[in-house]
Amino acid sequence: MNATEVKGNWNEQKGRLKQQFAILTDDDLKYAEGKKDEMLGKIQKKLGKTKEEFEKILNGHK
């Protein structure tokens, strides 16, 4: 998977996350090349979720 595919997938994920969690802002969800893990960690912390819980959310499971 190349960077364009990852970013495209992220745009879909971002929309779902904003609908599900109103607390998240556009700044929280801003994708930066090479900083994906840092961004996901910040979102996880803001939502108060474990890494496993957040991964389930990203995969579409509650």
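Contact here means heavy atoms within 4.5 Å of each other. Keep that in mind as we walk through this predicted model. Confidence first: the protein chain averages a pLDDT of 83, and 84% of the residues score at least 70. Among its elements, α2 has the highest mean pLDDT, at 91, while α1 has the lowest, at 77.

Look around it and, skipping residues up to four places away in sequence, you'll find Ile-43 touching Trp-10, Leu-24, Asp-28, Leu-29 and Phe-54. For a sense of the fold, Thr-25 is 18 residues from Ile-43 in sequence, yet their C-alpha atoms are 9.7 Å apart.

Now zoom out to the largest nonpolar core, which has 13 residues. Ile-43 is one of those touching the most other members, along with Trp-10, Leu-17, Leu-24 and Phe-54. Helices α1 (3-20), α2 (36-47) and α3 (51-58) each put in at least two residues, with α2 giving the most, at 4.

Setting aside neighbours within four places in sequence, Leu-17 is in contact with Trp-10, Leu-24, Leu-29, Phe-54, Ile-57 and Leu-58.

That brings us to α3, whose buried residues are Phe-54, Ile-57 and Leu-58. Why do they line one face of the helix? Seen down the axis of α3, these buried residues fall within an arc of 100°, so one face is what they line. Just past the end of α3, Gly-60 adopts a positive phi of about 90°.

Key: Residues are numbered from 1 along each chain as its sequence is written. This is a predicted model: local features need pLDDT of at least 70, side-chain atom pairs count only at pLDDT 80 or more; totals for chains, interfaces and linings use all residues. Side-chain values use heavy atoms; hydrogens and water are left out. A nonpolar core is a set of buried Ala, Val, Leu, Ile, Met, Phe, Trp, Tyr and Cys residues joined through side-chain atoms within 4.5 Å. Buried means under 20% relative accessible area, exposed over 50%, partly exposed in between (1.4 Å probe, protein chains only). The arc is that of the directions from the helix axis to the C-beta atoms. pLDDT is the predictor's confidence in each residue, from 0 to 100.
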